[in-house]
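Please open the model in a viewer and keep the selection panel at hand.

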Amino acid sequence: MSDIQRSISRLLHFAQQKGLIAPADEVYAANRLIDVLGVEEYVPHAVDETLKTATPVLEEMLDDAAARGLIENTVNERDLFDTRIMDCVMPRPSEVVREFRAHYAASPQEATDWYYRLSIASNYIRKTRIDRNIAWKTATEYGDLDVTINLSKPEKDPRDIAKAKLAKASSYPKCLLCRENEGYAGRANHPARETHRLIPLDLCGAPWFLQYSPYTYYNEHCIILNGDHVPMQISRHTFENLACFLRLFPHYFAGSNADLPIVGGSILSHDHYQGGRYTFAMERAATEKEYAFQNYPTVRAGRVKWPMSTLRLTSPDADALIDLAEKILAAWRVYSDASVEILAETDGTPHNTITPIARRRGEDFEFDLVFRNNRTTAEHPLGLFHPHAEVHHIKKENIGLIEVLGLAILPARLRDEMDAVRTALLTGTADIADRADIAKHADWYRKVRAAHPSVTAENVDGILRDEIGAVFLEVLVHAGVFKRTPEGMAAFDRWIESVEQV
């Protein structure tokens, strides 16, 4: 029992170091911990250490809880329980909001810096897991694309899967983004959110909330969620809300997934945006051709040199920017050009929408409007402007906001598959089509071998990363509605010219 007593002391020491609790909270927090951990008393131990995260202490506590039968030793059970433990040393939501606003009075960046640190210290952002992700950059003609093999979400334990299947159906919270998640204990088929703390925002007079993503894909990856559980919809309100958010947090970008299946994000049932403090390749991409729109003299417009079809609007006048963006959205919703396979609708089903991204450049507001179409065909049943079958061995999922910006989120399976491909390349294996574990990569493997006849232990990792990055670039090209060919660029120009006619 002395080991768990020391663990309690270590966690209390960590919580005070990170500002989660004050010295006056120590006895209260200790009593909450002994209740959750099922021990009868607390005997303080001297602690003199500095930890980056609470993970080492939590692992001790979880091992002890599993040994004493408090929890089943599965990933999900441990995640539910360690969140309950950390809530014992968390400030209440009102205290977090009050502290955030105090920092915001000094500067928006100071406020988000503090809030981000809190989210990591509380283990709401599981940084230890995120640090396991494999990440690199691949140089392309469009700049350095970011590539990540996502290892931060652990694989499901069969025991957890069985429990989730038996769990009683519940509509509370309605989804993972609803504000009712704040403080929710979780269940077998819903993650614990007891350490979740939301920051209320007023966007254009409506209640919204700011939070960070538990599995951050880039620096300060935040989510801006509607206070109401309403579906995603790209409209004038979207552009107004994005501009409003930039006024509140000028050091962040913000953008929205599209509002249609295939080209949208994974959650279309709850209106939300994503943002953060990171410079993506798309932001660094140059404007290669300028356009002028009548009645919008303060707005600079141009086609972005980017594999996905993007129009950039820049102006110090946010209202003019919003007005023009609304006009362009309305025009795109009904635009068709059969010569490049763009149809606005088929049998009454709409296909056209926009993925908008907003940022500040000094005093200017800037919108990148990425044109999307979710039409399917017999040849491409998952989507004509979606990753095609030949790249599914690397990336098959929807291309949402994060990928549009130039960051590939690739499945965890690729780590082991690429280890096997690496071995095959180094041993000179001619073909891998007969390998059940990596046969899906056989066509690509043959191309890689042909392009790199001299593979060594020193260069193989770089080759594989560059070739995976090249596939991601091809994914973005597939998702582009106007292809970067003379015919495609001429069609892009026709589309822009047509906007004035709406």
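The model is predicted: local features need pLDDT of at least 70, side-chain atom pairs count only at pLDDT 80 or more, and totals for chains, interfaces and linings use all residues. Residues are numbered from 1 along each chain as its sequence is written, and side-chain values use heavy atoms, with hydrogens and water left out.

**Annotated span.** Select residues 247-427, which an unreviewed UniProt entry annotates as "domain: Galactose-1-phosphate uridyl transferase C-terminal"; such annotations may be inferred rather than shown by experiment. The end C-alpha atoms of residues 247-427 lie 56 Å apart, and the span is 22% helix and 29% strand. Helices (H or I, at least four residues) and strands (E, at least two) are DSSP runs, numbered from the N terminus.

**Sheet.** Next, select β1, β2 and β15, which form an open sheet in the order β1-β2-β15 with mixed pairing; two strands pair if DSSP finds at least two bridges between them. From one strand to the next, the twist averages 20°. Seven antiparallel bridges join β1 to β2 (residues 143-149), and Thr140 has Gly143 of β2 as its bridge partner. Axes are lines fitted to C-alpha atoms, for helices over the stretch in contact, and angles run from 0 to 180 degrees between N-to-C directions.

**Loop glycine.** Centre on Gly383, in the loop between β14 (364-373) and α12 (401-404). Is Gly383 buried or exposed? Gly383 is buried, with a relative accessible area of 2% (buried means under 20%, exposed over 50%, partly exposed in between, with a 1.4 Å probe and protein chains only). Not counting residues up to four places away in sequence, Gly383 touches Ile262, Arg375, Thr376 and His388; contact means heavy atoms within 4.5 Å.

**Nonpolar cores.** A nonpolar core is a set of buried Ala, Val, Leu, Ile, Met, Phe, Trp, Tyr and Cys residues joined through side-chain atoms within 4.5 Å. In the largest core, of 97 residues, select Leu313, Ile328 and Phe482, which touch the most other members. Helix α11 (residues 318-333) gives the largest share, ten residues. Finally, display the second, separate core of 51 residues, which includes Ile149, Met282, Leu473 and Val475.
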